[in-house]
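Biologist: I would like to learn how to read packing features in a model. Shall we work through them one at a time?

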Amino acid sequence: MKIGAFSQQSQVSKDTIRYYVSEGLLFPECSGRQMQFSERDLDDLNRIQQLKSMRFSIQEIKAVLQIYRMSNVIEPSTIEEYDALLQKKESQLREEQIHLKESLAYLAGERARLSRLRKIDQAEHSGVPLSAVSLLHCPHCHKQLQIEQAEIRQNYIHRGKLSCTCGYQADIRDGIVCTGNVYTGAYDQPDLKRELYHDTGNEWDICMQKCTDLMMKQIRPLELEGRVIFEANINGFFFTYHFLRELPKNALFIFVDKYEEILRMYKRYIEILGDGLEVLYLADAGENYPLKNQCVDLQLGFMGENEYTFYHKQHQIFDIKRLLKPGSRTIQVYSSCEIDSQTRQRQMLQYPEGGERRGNISYLVEDYKACGCSVDLIRVGEVLHTKKHHSYQAHVDGEALTLYVYHAQMN
């Protein structure tokens, strides 16, 4: 809807709405000077109004909105971060006048809700969906894997042994396929507190939101019912997790990471969310997953290719192209810097296990085309300043990290 209708529906003045847009609190779709607002913008505006009632400042509102945009507010570290903000504001309000009871009531209600979320542990535990069994194939000879000693409850395999006549073996532990390919390097560790999502910086936050909006705009028109949706390297940014409610419930999802504990964490969060999704969780730090050839319809990722090249010698497309069906699509965000930039050189020193063709959009496009994909690029924006944690320790402020959304299709 246009700003006039949005203002009328929300009962917030157009000037105030424009101010929120300029401050990065609302992200309408823009075409020239025209702004189109969505239901998400209305939800964000309602949350802004609620936070204003709690006497939050603009900067504090930004911090809370970022928590909601970057999480489902069920993760322990997210809850602690949000609760810390609420406690600080509660202390400020108690030092002010007594008539701020309404704001304190909002805070009390929010903290009570977070306390209830901390105690949630009643969700049913899922496992390997029976519908996904046919996709489990030997990575060497590509025969379908046999399952033995299976513990099956409610259409899920919770425990069992996977084997192939060629000698390949893997386990199903607590509903996760564990291949035994374990990352033992010194250059990464499981981000169980989701610290990568915290304190990312204003420039990065704005660019990230634009990227995810653009990704969803490209995903929504796709016919995904009954399809297989794949995302790997989720110890970095995990795109699908943040958009589960906008993706079809009757698709089959495959989530892969090198850390079993990361998959275990997200598996529990997704169970708590209660969306009833069919998900195959695969723990594998290798380059050849035990999945059927040409089984994936859509691959998603937020800098998944960037993450992969920190620990492998080439872009992941070379290693998973056999999994992609003809006509399948890849929609991802990629962070690019200049080939001869200090940032890229420092990144290679920080992650010496990776390859030489990392971190540059030209290399990415060339590699996808070499694998038989057509590629469309959208340049979203630049980030010149970052918070120095995780891989951003390599970034030299002032050098552009350019974010692209790319849409590739397997020919």
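Biologist: Which residues does Lys89 touch, not counting residues up to four places away in sequence?

Modeller: Contact means heavy atoms within 4.5 Å. Lys89 touches Met54, Arg55, Phe56, Glu60 and Leu107, leaving out residues up to four places away in sequence. One caution on the source: this is a predicted model, where local features need pLDDT of at least 70, side-chain atom pairs count only at pLDDT 80 or more, and totals for chains, interfaces and linings use all residues. Residues are numbered from 1 along each chain as its sequence is written, and side-chain values use heavy atoms, with hydrogens and water left out.

Biologist: Is Lys89 buried or exposed?

Modeller: Buried means under 20% relative accessible area, exposed over 50%, and partly exposed in between, with a 1.4 Å probe and protein chains only. Lys89 has a relative accessible area of 6%, so this lysine is buried. Its place is in helix α5. Helices (H or I, at least four residues) and strands (E, at least two) are DSSP runs, numbered from the N terminus.

Biologist: How do I read the packing of α4 and α5?

Modeller: Two packed helices are described by the angle between their axes and the distance between the axes. Axes are lines fitted to C-alpha atoms, for helices over the stretch in contact, and angles run from 0 to 180 degrees between N-to-C directions. Here α4 (residues 58-70) and α5 (residues 76-94) pack at about 155 degrees, with axes 10 Å apart. Angles under 35 degrees count as roughly parallel, over 145 as roughly antiparallel, 65 to 115 as roughly perpendicular and the rest as oblique. So α4 and α5 are roughly antiparallel to each other.

Biologist: Which hand does the crossing of α4 and α5 have, left or right?

Modeller: A crossing is left-handed if the near helix is turned anticlockwise from the far one by less than a right angle, and right-handed if clockwise. α4 passes α5 in a left-handed crossing. From α4, Glu60, Ala63, Val64, Ile67 and Tyr68 take part; from α5, Thr78, Glu81, Tyr82, Leu85, Lys89 and Gln92. The contact residues divide into six nonpolar, two polar and three charged. For these classes, Ala, Val, Leu, Ile, Met, Phe, Trp, Tyr, Cys and Pro count as nonpolar, Asp, Glu, Lys and Arg as charged, and the others, Gly among them, as polar.

Biologist: At what angle do α3 and α4 cross?

Modeller: The axes of α3 and α4 cross at roughly 135 degrees and come within 10 Å. That makes α3 oblique to α4. The crossing of α3 past α4 is right-handed. On the α3 side are Asp44, Arg47, Ile48, Leu51 and Lys52; on the α4 side are Ile61, Val64, Leu65, Tyr68 and Arg69. By class, this contact of α3 with α4 has six nonpolar, no polar and four charged residues.

Biologist: Which residues touch the most other members of the largest nonpolar core?

Modeller: In soluble globular proteins, nonpolar side chains tend to be buried together. A nonpolar core is a set of buried Ala, Val, Leu, Ile, Met, Phe, Trp, Tyr and Cys residues joined through side-chain atoms within 4.5 Å. The largest has 87 residues, and Trp204, Phe237, Tyr241, Phe255, Tyr266 and Phe302 touch the most other members. Helix α7 (residues 202-219) gives the most to this core, with eight residues. Another core, of 43 residues, lies apart from it and includes Leu162, Leu291, Val296 and Leu364.

Biologist: Where is Ile176 found?

Modeller: Ile176 is in strand β7 (residues 176-178). At 0% relative accessibility, Ile176 is buried. Neighbours within four places in sequence aside, its contacts are Asp171, Glu260, Leu263, Arg264, Lys267, Tyr281 and Ala283.

Biologist: What is the phi of Asn155?

Modeller: Most residues other than glycine have a negative phi, and most peptide bonds are trans. Asn155 has a positive phi of about 65 degrees although it is not a glycine. Asn155 sits in the loop between β4 (146-153) and β5 (156-163). At 56% relative accessibility, Asn155 is exposed. Asp174 also has a positive phi, near 50 degrees. Asp174 lies in the loop between β6 (169-173) and β7. Its relative accessible area is 31%, so Asp174 is partly exposed.
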